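The report covers backbone geometry, the ligand site and aromatic pairs.

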Amino acid sequence: MTFKAEYIWIDGTAPTAKLRSKTKIITGAPAGLDALPLWGFDGSSTNQAEGHASDRVLKPVFSCPDPIRGGDDVLVLCEVLNTDMTPHASNTRAELAEVSARFAAQEPIFGIEQEYTFFDGTRPLGFPEGGYPAPQGGYYCGVGADEIFGREVVEAHLDHCLKAGLGISGINAEVMPGQWEFQVGPLAPLEVSDQLWVARWLLYRTAEDFKISATLDPKPVKGDWNGAGAHTNFSTKAMREGYDAIITACESLGEGSKPLDHVKNYGAGIDERLTGLHETAPWDEFTYGVSDRGASVRIPWQVEVDGKGYIEDRRPNANVDPYLVTRLMVDTCCTALEKAGQV
Ligand code: ADP
Ligand code: MN
Ligand code: MN
Ligand code: MN
């Protein structure tokens with residue numbers, strides 16, 4: 001027997017990497033991640049190599065059932081390696097693997113809210129030809145054909161994620177017409193990031209069948225229209241048990257060069273989205289607060305009431321690399337928590 005394995009990887013496109021994939025027919029019965037072979041590709045076509053030494057290696061790191069093809073077929077997320085088996089420069093997962101192993105005892109977990117926008121050709125879905133829809137106000141979590149655009153795609157994507165076994169935890173319509181959100185997690189750093197990349201691939205792939213495209217552009221429409229973010233919710237064991245650790249984590253994100261170190265890795269075009277308007281804090285100022293959707297980092301009200309829980313970093317753009325944001329947050333917060341003895 002044979003089965004189809006869709007090998008998915010993250011390319012070297014700058015400033016925002018793209019997903020690529022191709023199909024391998026494998027002979028035999030599916031036998032899990034460890035049985036999936038290494039594969040290769042032409043790195044000169046993905047900004048990952050020069051033509052004269054173009055081979056790059058695909059190393060399977062996560063696999064799940066392929067909900068579109070069904071049967072025994074699988075999706076296979078890969079890391080990109082050089083031919084000497086070292087991580088390629090575009091491979092941000094390898095560094096996250098090191099950092100998350102170092103702080104594993106603190107049990108960090110993440111829930112990421114992925115916002116995105118559907119496009120029909122060059123227009124956001126729901127925008128009339130040559131003009132604009134009614135101003136924002138009624139679209140967020142709306143219902144009805146005058147407010148909702150693309151729900152059939154969103155439902156199909158949700159079903160695909162569930163069928164693949166991804167840790168998707170919800171969906172909602174967003175503030176701008178054609179804009180939506182799904183959440184992945186809470187899960188450990190590598191798991192949430194791998195599954196978010198696969199959920200993104202499934203989003204593009206699902207929408208393709210409806211002749212619609214999806215974009216993670218952080219500011220798909222200029223002017224008085226909401227941008228698209230990837231709010232990153234984070235906790236460690238100590239944060240889930242007490243409030244002091246919540247405050248330590250918030251403070252650590254504001255220390256010294258940390259705000260800028262983070263923001264410059266939170267997705268291309270972040271200064272266009274983090275303007276201080278549309279429920280954002282300015283990109284060059286760090287603030288945190290309870291219930292504050294105008295702060296860089298929000299402590300949900302329930303977390304203050306309970307005296308424990310998690311924090312929400314509201315800064316990451318929709319186009320952020322989850323391997324980067326989770327690595328930076330684990331590194332910054334877990335180092336501070338360790339220093340404070342809050343582990
Ligand atoms: P918002 O009110 O900001 O829109 P959402 O419901 O969209 O919130 O997202 C909240 C996210 O927080 C979910 O993805 C959820 O999995 C995540 N979350 C909940 N508890 C924790 C926790 N203890 N640690 C990390 N993430 C968490
Ligand atoms: Mn949300
Ligand atoms: Mn949202
Ligand atoms: Mn949020």
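## Backbone geometry

Pro15 sits in the loop that runs between strand 1 (2-10) and strand 2 (19-27). In this predicted model, the peptide bond between Ala14 and Pro15 is cis, with omega at about 0°. A cis bond also leads from Gly185 to Pro186, again with omega near 0°. Pro186, however, belongs to strand 9.

Glu107 is not a glycine, yet its phi is positive, at about 50°. This residue is part of the loop between helix 1 (93-102) and strand 6. As background, most residues other than glycine have a negative phi, and most peptide bonds are trans.

## The ligand site

Ligand 1 is surrounded by 16 residues, and the closest of them are Glu181, Pro186, Ser235, Arg298 and Glu312. By residue class, the shell around ligand 1 consists of four nonpolar, six polar and six charged residues. The space that ligand 1 takes is the largest pocket.

Three strands each supply at least two residues of this shell: strand 6 (109-120), strand 9 (179-187) and strand 11 (232-235). Strand 9 gives the most, with four residues. Pro186, the proline of the cis bond from Gly185, is in strand 9 and is among the residues closest to ligand 1.

## Aromatic pairs

The model contains nine aromatic pairs. One of them is formed by Tyr116 and Phe182, with ring centres 5.9 Å apart and planes at 50°, so the pair counts as tilted. The cut-offs behind this are under 30 degrees for stacked and over 60 for edge-to-face, with the rest counted as tilted.

This pair links distant parts of the chain, as Tyr116 is in strand 6 and Phe182 in strand 9, 66 residues apart. Strand 6 and strand 9 are also among the strands that each give at least two residues to the shell around ligand 1.

Terms used. Residues are numbered from 1 along each chain as its sequence is written. Chains are lettered from A and ligands numbered from 1 in the order in which they are written. This is a predicted model: local features need pLDDT of at least 70, side-chain atom pairs count only at pLDDT 80 or more; totals for chains, interfaces and linings use all residues. Side-chain values use heavy atoms; hydrogens and water are left out. A residue is near a molecule or strand if one of its heavy atoms lies within 4 Å of it. On a 1 Å grid over the protein atoms alone, a cavity is a set of points where a 1.4 Å probe fits but cannot get out, and a pocket is an open set with protein on both sides within 12 Å along at least five of seven lines; lining residues have an atom within 4 Å of a point. A molecule sits in a cavity or pocket if more than half of its atoms lie within 2 Å of its grid points. Ala, Val, Leu, Ile, Met, Phe, Trp, Tyr, Cys and Pro count as nonpolar, Asp, Glu, Lys and Arg as charged, and the others, Gly among them, as polar. Rings of Phe, Tyr and Trp (its six-membered ring) pair if their centres lie within 6.5 Å; planes under 30 degrees apart count as stacked, over 60 as edge-to-face and the rest as tilted.
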